[in-house]
Amino acid sequence: MSADSGLGALREEIDAIDGELLALLARRRGAVERVAAHKKAHGLPVYHPSREEDLITDRRARALAAGLPPDCVEDVFRRLLRESRVQQGRETARHAVRPGARVLLVGGDGAMGRCLRRWFEDAGYEARVLDRGDWPRARTLAAGCDAAIVSVPIDRTESVVAQVSGVLPPECVLADITSVKAGPVRAMLAAHAGPVLGLHPMFGPTTHTLDKQIVVAVEGRAPERCSWLLEQLAAWGAVVMPATAEEHDEAMAVVQALRHFATFAFGQFLERRRVDLRRTLDFSSPIYRLELAMVGRLFAQDPDLYAEIIFATAERRALLAEYAASLHANLPMVEAGDREAFHREFMRIAEWFGPFGDQAIRESTYLIDKLVERF
């Protein structure tokens, strides 16, 4: 037998095994469809964290016993689990936790308003839109509504809350989805005597699945009457994260305002230096490509949206001023080329990060490996 014919036979064997794998994947997909139907019928959430982690642990152990690389097997099963959740999410998206409920989307013609409308309507809810040109019909649109969700810019939220509260039924849940919570929740409690709920979806309007997307929930009033909204989000696959308004706003000042401003400042510096971005990518490490992608992503979007987030409150602006001052404080070290000072500061900060450093290495390595595979 020639070398080529022998290789051909081995390739045919691999092709046959691949066919068996595809048949098994199709069989698995069928089982997932039955799971999705069961969850939909019983109102169960799509995402079950402990079940997934137990499954991954088991599959890694089996891989090791079979002489297979556990990391590779984990990658395969995490991708399968992701696809399963998305598949189940499409099915449960058509399930209403509170059938027949009517939802008023205030600012429903905006990007997030349209996104929410799609999700509610796909689940069978009656979704009504109240936008700028609809205020003469506000009372009619609000009549009989079970929930009103305010989706307008941060600087208009409190005034819109005051305006819409006068036409809402007493038992209607009043909620907002801004990225600031203390002010809007206070405004809703003051304006509306019924149930109040602060929400902050940690995703944008282009999201096509709520799989593992975080929605922060701030209790306002009558949480038992707001629970169906949170259960609906969970049924769509979202992870609902309870928080107080104060801890949410403190965290968002860092998670959103500071992070976006730092990204803006990096992009601003690159532009002022007229850096040849494409040429830098020729020499780039995967981590630089990832960082530059996040900078480019910011500048490919709506500046008004980011200005709204970054400068939303006096507390956020004070934090950004503190950040700018901290950069300036490093100037003497940079001008002197003081390596010893840099080393001392580096080790002090590394100690503060503690065990998170190891976690960050693992997570960033995973992202870098995926980026290398992609490009």
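These legends describe close-up views of a predicted model. Residues are numbered from 1 along each chain as its sequence is written, and side-chain values use heavy atoms, leaving out hydrogens and water. In this predicted model, local features need pLDDT of at least 70 and side-chain atom pairs count only at pLDDT 80 or more, while totals for chains, interfaces and linings use all residues.

**View 1. Strand β5 is covered on both faces.** Helices (H or I, at least four residues) and strands (E, at least two) are DSSP runs, numbered from the N terminus. β5 spans residues 196-201, and six of its six residues are buried. Buried means under 20% relative accessible area, exposed over 50%, and partly exposed in between (1.4 Å probe, protein chains only). In a regular strand the side chains alternate between the two faces of the sheet. Val 196, Gly 198 and His 200 lie on one side of β5; Leu 197, Leu 199 and Pro 201 lie on the other.

**View 2. β5 pairs with β4 and with β6.** Two strands pair if DSSP finds at least two bridges between them. β4 (residues 173-176) runs parallel to β5, joined by three bridges. Here Asp 176 stands opposite Gly 198. β6 (residues 214-221) is antiparallel to β5, over six bridges. Val 216 in β6 is the bridge partner of His 200. β4, helix α7 (residues 182-191) and β5 form a right-handed β-α-β unit: with the strands pointing away from the viewer, the path from the first strand over the helix to the second runs clockwise.

**View 3. Helix α8 carries several buried residues.** α8 covers residues 223-235. Its 13 residues should span 18 Å, and the end C-alpha atoms are 18 Å apart, which agrees. The expected span is 1.5 Å times one less than the number of residues. Buried residues in α8 include Cys 226, Leu 229 and Leu 233. Gly 237 follows the helix, with a positive phi near 105°.

**View 4. Ring pairs link Trp 119, Phe 120, Tyr 125, Trp 228 and Trp 236 into a cluster.** Rings of Phe, Tyr and Trp (its six-membered ring) pair if their centres lie within 6.5 Å; planes under 30 degrees apart count as stacked, over 60 as edge-to-face and the rest as tilted. The count comes to nine aromatic pairs. Trp 119 and Trp 236 have ring centres 5.5 Å apart and planes at 50°, so the pair is tilted. Trp 119 sits in helix α4 (residues 111-122) and Trp 236 in the loop between α8 and β7, 117 residues apart. Trp 119 is buried, at 8% relative accessible area; Trp 236 is buried at 2%.
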